[in-house]
Amino acid sequence: MSNYHIKGLEEYFQVYRKSVNQPEQFWGEIAEENFLWRKRWDKVLKWDFEKPEIKWFEGAQLNITENCLDRHLYASADKTAIIFEPNDPLEPAQHITYQELQERVCKFSNVLQDQGIKRGDRVCIYLSMIPELAIAMLACARVGAVHSVVFAGFSSTAIRSRINDANCKMVITSDGSYRGNKTIDLKGIVDVALEDTPSIETVLVVKRIKSDIHMRPNRDKWLEPLMEEASTTFTPEIMNAEDPLFVLYTSGSTGQPKGMLHTTAGYMVYAAYTFKNVFQYNQPDVYWCSADVGWITGHSYIIYGPLLNGATTLLFEGVPNFPDYSRFWDVIDKHKVNQFYTAPTAIRALAKENLSYVENHDLSSLKVLGTVGEPINEEAWHWYNDNIGKNNCPVVDTWFQTENGGIMISPIPFATPTIPTFATLPLPGIQPALMDENGNELLGNQVSGRLCIRFPWPGMARTIYGDHKRFKDTYFSTFKNMYFTGDGALRDATGYYRITGRVDDVIIVSGHNLGTAPIEDVINEHPAVAESAIVGFPHDIKGNSLYGFVILKESGEQRDPQNLRKEINQLISERIGPIAKMEKIQFTNGLPKTRSGKIMRRILRKIAAGEINSLGDSSTLLNPEVVQEIIDTRL
Ligand code: WT7
């Protein structure tokens, strides 16, 4: 039996039991047998969910890039590490070997060092899905700097707040990016962000679209000439197990985005372990995750997990509908992809199109299909299973969060029998618990409640950058001695988990986490707006869409409502990004409020979803009369 690679259901049960009964021994063995350490740990785990303080492999020393790159050079220097598939299918794909990737990471590390980046410094990376994105992240890790990747669809304001939150010293971006038939002026967006970011000293610019951009003297530097001169060797900085590896922001139900801080050794072990088992990766498979590296899925399952396992990982610059809706299937056919990992929202969008987009492609290389990011509905699951997997590839519905570092609940292909819409069973080391609203644990099967995790796992975030109190309040204060996920879940008669969705004010739109409060803050900034509330309502493709209820000031009531809607959405686009725009905006004279002044979102959610006959109890409302008005004028 191997703890590292589970191959059957019996084995899963055995390994799982061991992971719960002897967690330190379990993770200690995995760490010992599968990674390169410069110094062994003194203690596998120290933890306290009250403080909270979590330490894995304390005393150990390592550099994660030696594990991602150098150690593979003995046996597989010429193996492809990254297949780069450009946005334009006519531009040739690139096959970057482990040797070449290692050299480019070393060169980039030298550039970072020459530009003054040292161990512990924070570096913001704002790049689209090009090889330099992977190389930049790994170079940061090699010099001991902390990367903060900001998704290249975010606005100037969003970049600025993330740079300032972590006091980044440098931004790495490009002259622009390709996205379908559009180009995006990344450097222009960064320039606006940097109007108010005192900590930034240098901007490194990758040449991608060869556009004519403004380079600010002293601050902005083209990467290419610096790379040409740099040496191909760089001695990695030896890091402590709990040194930070990266910060990645996720939105919360209130205020500022949260910079989730992940540390080195635990994250490494967990990303590698979960990748191996959830995708059953075997050499020489070609693996493709279509997420963006700007999300945790991309960090763990495009970059770190695959490279730690010496895998071939495909990096796709484009979008599913360019040049047409067959692009995903083209890429799978062209590169003979064996494992494919995508999001329910992409599946739903592609399932709406004619099946002929799928049919004239050879998808027989596929062995495992995965989904992540939001609950997958039964119809989408079947479409994926039947038309892409040809009923012959296990579909793994993987549940996890930015905070978790890696997949937490998921079938193990060829071991766990799957059921549509169920993420099924916890991976080894993960101890879920369901809680009721009064803080009591729901024991046994056939129960549903709030999903918590009762024991630490190596990949969990250690804090929110610069705000440990918020870390404690958000995740460790709702239920005593539990990590609270913010999700609801049910456990069925066999013990399988089904994630039912958020129980807080976070709405998942096309797989993107959107907190209601930060969006409402932006809406309320519009001079014509007095107050607002947004809720999610079901959408065929996006899963959820945003529905806004907006109370106008008197000045706003004189305005053309259509223009106002455009302006409000424009403001959201600028401040947060186009993904946070509202699908519907209803102007109203009031919002249903409790006596304590809290907006009763439950009622607004029902109205937005059109379920006006089941609004539920409204007896505690201060202003029940507004409910009828809102129903009468709903869109
Ligand atoms: C939230 C975390 C983890 C990568 C992308 C999202 C929802 C995620 C599933 C799933 C049902 C899911 C949860 C979770 N979610 N995977 N398989 N089934 N819901 O990361 O942006 O941090 O969002 O995504 O609500 O809390 P994230």
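The structure holds 2 cavities of 30 Å³ or more. A cavity here is a set of points, on a 1 Å grid over the protein atoms alone, where a 1.4 Å probe fits but cannot get out, and its lining residues have an atom within 4 Å of a point. Points are joined across faces, edges and corners, and the volume is the space filled by probe spheres set on them. The model is predicted: local features need pLDDT of at least 70 and side-chain atom pairs pLDDT 80 or more, whereas totals for chains, interfaces and linings use all residues. Residues are numbered from 1 along each chain as its sequence is written, and side-chain values use heavy atoms, without hydrogens and water.

The largest cavity has a volume of about 50 Å³. Its lining includes Val149, Val150, Phe151, Phe154 and Arg162, together with Leu248, Tyr249, Gly294 and Trp295. By class, 7 of these residues are nonpolar, 1 is polar and 1 is charged; Ala, Val, Leu, Ile, Met, Phe, Trp, Tyr, Cys and Pro count as nonpolar, Asp, Glu, Lys and Arg as charged, and the others, Gly among them, as polar.

The second largest cavity contains about 40 Å³ of space. Ile64, Ala141, Gly144, Ala145, Met239, Pro244, Leu245 and Thr264 line it, giving 6 nonpolar, 2 polar and no charged residues.

Around the ligand there are 17 residues, of which Asp397, Thr398, Thr402, Asp487 and Arg502 come nearest; a residue counts if one of its heavy atoms lies within 4 Å. This shell has 7 nonpolar, 6 polar and 4 charged residues. At least two shell residues each come from α11 (296-308), β20 (395-398) and β25 (497-502), where helices (H or I, at least four residues) and strands (E, at least two) are DSSP runs numbered from the N terminus.

| Residue | Polar atom of the residue | Distance to a ligand nitrogen |
|---|---|---|
| Proline 375 | backbone | 3.4 Å |
| Aspartate 397 | side chain | 2.7 Å |
| Threonine 398 | backbone | 2.7 Å |

The protein covers 95% of the 560 Å² of accessible area that the ligand has on its own, by the Shrake-Rupley method with a 1.4 Å probe.

Lysine 187 lies in helix α8 (residues 186-193). Lysine 187 is buried, with a relative accessible area of 1%, buried meaning under 20%. The side chain of lysine 187 reaches the backbone oxygen of histidine 214 at 3.0 Å.

How values were computed. 1 Å grid on protein atoms, 1.4 Å probe; cavity = no way out; pocket = protein on both sides within 12 Å on 5 of 7 lines; lining within 4 Å. Polar contact = N/O pair within 3.5 Å; in protein donor to acceptor, adjacent residues only side chain to side chain. Buried < 20%, exposed > 50% of the residue type's maximum accessible area, 1.4 Å probe, protein only.
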